[in-house]
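Biologist: Please show me the model. I want to know what the labels rest on.

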Amino acid sequence: MKKPEIKSIPYEEFTDNESLEKIVRELNQNGAGVFVGAIDDIINWGRSNSFWPLTFATSCCGIEFMALGAARYDMARFGFEVARASPRQADIILVCGTITNKMAPVLKRLYDQMPDPKYVIAVGGCAVSGGPFKKSYHVVNGVDQFLPVDVYIPGCPPRPEAFYYGLMQLQRKVKVEKFLGGVNRKEDQA
Amino acid sequence: MFDFSILTNRVHELLISSMSEGLAIFVECILVGVFILIMYALLALILIYMERKVCAFFQLRLGPTRVGKWGLLQLFADLIKLFTKEIISLKSSDKFLYGVAPFIVIVASIVTFSCIPISKGLEILDFNVGVFFLLAASSTGVVGILLAGWGSNSKFPLIGAMRSGAQIISYELSVGLSILTMVVLMGTMQFSEIVELQSTGWFIFKGHLPALVAFVIYLIAGNAETNRGPFDLPEAESELTAGYHTEYSGMHFAFFYLAEYLNLFIVAAIASTIFLGGWMPLHIPGLDGFNAIMDYIPGFVWFFTKTFVVVFLLMWIRWTFPRLRIDQILSLEWKYLVPIGLVNLIIMVLIVVFGLHF
Amino acid sequence: MITIPEIPLDQFRDEALKLRNEKQMDYLINLVGMDWGDRLGVVYQLESTVTGEQIAVSTSTTDREKPELPSVCDIWKAANFKEREVYDYFGIRFINHPDMRRLFLRNDWVGYPLRKDDDPTDERNPLRMENETTIDTTTELELNPDGTLKDKENMIFEDREYVVNIGPQHPATHGVLRFRVSLEGETIKKIDANCGYIHRGIEKMSENLTYPQILALTDRLDYLGAHQNRHALCMCIEKALGVEVSDRVQYIRTIMDELQRIDSHLLFYSCLCMDLGALTAFFYGFRDREKILDIFEETCGGRLIMNYNTIGGVQADIHPDFVRKVKEFIVHLRGIIHEYHDIFTGNIIATQRMKGVGVLTRKDAISFGATGGTGRASGWACDVRKHKPYAAYAKVDFKEIVYQEGDSFARYMVRMDEIMESMRIIEQLIDNIPEGNFQEKMKPIIRVPAGFYSSTVEGSRGEFGVFIESKGEKSPYRLHFRSTGLPLVSLVETITCGAKIADLITIGGTLDYVVPDIDR
């Protein structure tokens with residue numbers, strides 16, 4: 001059973017190990033060769049330590065994202081500070097803020113423009129499920145209605161430490177993926 | 001000072017003794033090509049790491065620390081990731097121009113890089129018109145940028161490429177004028193001779209006032225040539241998304257990214273070769289003991305130290321100043337830098353003619 | 001409780017002109033659409049900058065199929081976007097308005113959400129995943145000389161214009177705002193601003209929520225003026241109920257408002273510098289902002305969304321360390337603010353980018369209703385804290401910063417000077433917080449007596465107002481927030497004509513709007 005290592009936090013201290021182990025079991029049903037596994041490890045190490053987020057923020061959670069890049073919390077320590085403005089050069093999209101019906105097609109288009117392999121993190125109550133605006137007529141109740149979400153970070157807004165926890169969970173998820181010879185996630189042909 | 005030409009001649013004789021001349025030269029070309037590519041990649045990695053750490057320290061934070069000790073392996077992770085990204089081909093782009101643009105930029109950068117002498121005897125291209133060749137080769141890079149903007153078939157890259165093209169072509173004039181001023185002082189255009197002539201003192205001291213003015217103009221114009229610093233409007237993130245390389249992903253984007261940092265290195269390397277002595281140690285005429293101590297330190301250490309100091313200076317400028325608007329950039333060039341450069345040239349000519357230099 | 005006389009429809013236009021010219025009511029504070037069951041109408045809140053008098057009038061029509069009211073957008077330019085908003089919510093068309101399009105909702109939206117007989121969550125408007133079609137024409141209802149009405153088509157952009165999209169996802173629009181810009185080389189010929197990408201329907205939601213529940217939504221409007229927004233709503237409800245809060249609460253609310261203002265202006269500085277390319281200054285601003293957030297977090301529990309003011313007081317008493325930490329912070333900021341000016345204000349590149357760019361005249365500022373730092377930079381003394389004091393502002397002595405030039409540099413300097421003034425206000429109050437209750441005893445269910453109520457505060461970005469019509473229930477009949485940002489976006493078109501694209505970024509950065517406040 002592959003146990004991805006994150007620097008300075010032991011494996012047992014993460015709260016959601018069950019879903020990670022489920023993913024590992026599904027991916028490794030057919031076994032993995034030693035050589036291919038070693039190359040996979042190196043490639044996944046590279047990919048997980050170099051997420052370039054897309055600058056996308058609609059409302060309040062965007063300010064906490066900016067605070068994450070600022071001097072006190074400094075996401076550059078992880079290597080994530082290269083926030084690209086063009087979706088063609090970004091790896092992950094942190095959906096910070098409420099997504100409204102008018103913004104949903106724009107977000108889907110941005111997601112489609114990103115090159116594979118790409119990941120989506122839903123940040124804040126509004127992106128997870130609609131948040132305080134669940135009953136509104138113009139708010140999409142959760143961005144997972146039209147995007148495949150990898151990590152959910154709840155909060156309104158989540159603290160920068162919560163952002164880091166979510167990013168580290170994404171790092172663990174990337175570290176158990178198969179790069180050569182395997183399909184990590186089935187996407188609908190929508 | 002260790003003369004690397006001894007080493008290269010021995011390798012040449014070794015190859016000639018075991019195979020025909022043509023084949024030996026072919027093997028040498030391949031070896032030199034591999035050497036250039038490795039140097040290029042290594043320097044790019046060092047420069048990007050340096051930029052991230054330096055800018056972090058200016059901005060009261062730490063920069064990459066988690067990936068490897070002090071974040072040294074961060075760039076390797078970035079490179080692995082860029083290798084494994086999908087290269088998106090656009091439906092309505094001009095396929096050939098879109099695909100060839102990053103290669104033009106990289107090739108122009110590599111050719112310029114091979115002109116620079118790193119140590120005594122360690123030059124790759126050394127003609128008697130070295131400076132002229134260098135200026136010509138570095139100008140071909142702008143073609144790649146314009147093709148990238150045009151071939152992407154999208155409005156933002158087009159605006160970015162047009163701005164960038166106008167800016168680079170304008171500032172080549174200032175670069176040329178400041179180097180021409182120094183050529184008047186040096187009397188030669190061959191790089192190895194330029195460095196040899198500085199054994200009695202670097203040209204920035206020999207040429208005093210006009211050389212200093214030429215140095216400042218060269219740094220400003222060189223900064224603008226590489227689309228960095230206060231002149232990065234064409235790729236300004238907060239205005240045009242990402243300028244001319246908006247539509248590139250994966251390795252194609254990596255080429256543009258690396259070429260930008262290498263161009264910075266090349267501008268700094270030329271500044272340190274022509275103005276600060278290249279691989280020549282600091283010699284003060286008359287102090288022989290001091291000169292002997294300076295000679296102990298090998299040439300490439302001097303070269304890289306000087307270049308990285310100039311690189312640090314350019315990074316410092318970038319992370320402090322806001323950016324100029326395109327009409328301000330062009331008016332700075334045409335209304336201020338070119339007239340000052342021309343007057344400076346005349347003053348240098350007068351100084352050389354009347355022997356008023358050191 | 002304010003009284004709103006109703007003016008009959010056929011006399012309305014003349015009355016409006018009389019109010020503007022004879023009584024010098026040149027500032028249109030608010031234009032609120034209303035649905036009174038049998039009639040659809042609009043309430044206008046006006047103020048005179050010359051005499052300081054405030055007045056409210058209304059007009060209505062009984063025709064619910066094709067409601068038409070005369071437009072006042074040629075008298076007060078602020079009415080341009082606000083009438084589009086009323087059309088969007090209620091379907092009321094305004095005669096002679098040049099651009100009768102929806103403001104917030106998609107142009108293929110069916111129905112008018114804020115009408116009482118319209119349920120916007122039903123199946124007429126599913127989540128549409130295709131982009132809305134871009135329509136370059138708009139309609140205008142023109143009044144013929146003989147009194148009949150005619151539909152006229154106006155062009156927004158011609159076919160041959162080079163139109164570039166800036167936004168909605170763009171690092172420099174401070175949120176999701178879409179500008180369609182018609183360019184000629186680098187020069188901007190025309191801008192069309194599309195709002196609504198973060199329209200969350202707060203006003204419609206409020207009609208089904210109780211008053212304490214609505215408080216939770218106000219923090220998320222202008223999240224950099226969270227305390228001030230909640231203060232406005234609490235003040236309005238307290239005024240309606242006739243509740244007097246204790247002096248301690250007034251002092252605490254004032255100090256929190258001023259700390260929030262400093263926080264917002266530091267973020268303004270950081271984002272402006274980032275937009276102009278001086279990235280290091282961004283980090284300076286955030287470093288000091290973190291100290292304020294620490295103070296907030298100790299007392300209120302949150303960094304950005306604080307949920308602190310409640311009806312009748314504040315949620316919890318201030319932390320014992322509050323006074324000491326605020327005093328330390330003021331000393332720290334006074335010592336370090338020169339760095340901000342050294343790195344940016346004195347820089348020749350920054351001054352060249354900002355001086356003379358985007359000049360807004362005083363007349364235009366008043367006509368558009370552009371309050372806050374923008375209005376004060378154009379010479380209009382519009383600070384609510386000075387002219388209509390509330391909370392503890394009458395007890396403190398501070399200067400109102402007014403500059404005359406009206407360009408981007410003046411807008412920038414106004415906010416930098418306001419940071420200093422806010423520190424002075426806090427210094428005068430911090431040592432003298434009186435003892436008292438931090439929360440008055442309120443009934444468990446709050447019912448506001450029937451009538452119209454409104455109150456305004458000086459938010460970080462301008463005059464933020466709340467307008468409530470209540471029928472005595474525990475939810476309001478109509479709740480409207482007077483947005484600080486909507487006038488600012490509506491004047492982008494006027495001041496960027498002839499400027500370059502790079503100037504659009506400078507202007508947007510110095511106007512300092514926050515998009516969720518515009519879209520509500």
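Modeller: Start with the buried residues of helix H2 of chain C: C:Ala79, C:Phe81, C:Lys82, C:Glu83, C:Arg84, C:Glu85, C:Val86, C:Tyr87, C:Asp88, C:Tyr89 and C:Phe90. Keep in mind that this is a predicted model.

Biologist: What makes H2(C) mostly covered?

Modeller: Buried means under 20% relative accessible area. In H2(C), 11 of the 12 residues are buried.

Biologist: How do you know that the span of H2(C) agrees with what a helix of 12 residues should have?

Modeller: The expected span is 1.5 Å times one less than the number of residues. For the 12 residues of H2(C), 79-90, that comes to 16 Å. The end C-alpha atoms are 16 Å apart, so the two agree.

Biologist: Now salt bridges. Why is the pair A:Arg47 and A:Glu177 called one?

Modeller: The rule asks for a side-chain nitrogen of Lys or Arg within 4 Å of a carboxyl oxygen of Asp or Glu. For A:Arg47 and A:Glu177 the N to O distance is 2.9 Å, so the pair qualifies. Over all chains, the rule gives a count of 60 salt bridges.

Biologist: What parts does the pair of A:Arg47 and A:Glu177 tie together?

Modeller: A:Arg47 sits in helix H2 (residues 34-48) of chain A. A:Glu177 sits in the segment after helix H6 (160-175) of chain A. The pair therefore ties together parts that are 130 residues apart in sequence.

Biologist: Are A:Arg47 and A:Glu177 buried or exposed?

Modeller: The cut-off for buried is under 20%. A:Arg47 has a relative accessible area of 5%, so A:Arg47 is buried. A:Glu177 is at 10%, so A:Glu177 counts as buried too.

Biologist: Why does the pair A:Asp112 and A:Lys108 count as a salt bridge?

Modeller: The N to O distance is 3.6 Å, and the limit is 4 Å, so the pair counts. Both residues lie in helix H4 (residues 104-113) of chain A, 4 residues apart, about one turn of the helix. A:Lys108 is at 23% relative accessibility, so A:Lys108 counts as partly exposed.

Biologist: How many salt bridges cross the interface of chain A and chain B?

Modeller: The rule finds 3. A:Asp91 and B:Lys81 meet in a salt bridge at 2.7 Å, N to O. The contact takes 35 residues from chain A and 33 from chain B. The two chains bury about 2900 Å² between them, 55% of it on carbon and sulfur atoms. In chain A, A:Trp52, A:Arg77 and A:Arg88 lose the most area to chain B, together 21% of what that side buries.

Biologist: Last, the sheet. Why are S8 and S9 of chain C called paired?

Modeller: Pairing needs at least two bridges. S8(C) and S9(C) (residues 178-184) have 5, in the antiparallel sense, so they pair. C:Tyr162 stands opposite C:Leu183 in S9(C).

Biologist: What makes S8 and S10 of chain C edge strands?

Modeller: The open sheet has the order S8-S9-S10. S8 (162-166) and S10 (187-194) each pair on one side only.

How values were computed:
Residues are numbered from 1 along each chain as its sequence is written. Chains are lettered from A and ligands numbered from 1 in the order in which they are written. This is a predicted model: local features need pLDDT of at least 70, side-chain atom pairs count only at pLDDT 80 or more; totals for chains, interfaces and linings use all residues. Side-chain values use heavy atoms; hydrogens and water are left out. Helices (H or I, at least four residues) and strands (E, at least two) are DSSP runs, numbered from the N terminus. Buried means under 20% relative accessible area, exposed over 50%, partly exposed in between (1.4 Å probe, protein chains only). Contact means heavy atoms within 4.5 Å. Buried area is the accessible area (1.4 Å probe) that two parts lose on being put together, summed over both.
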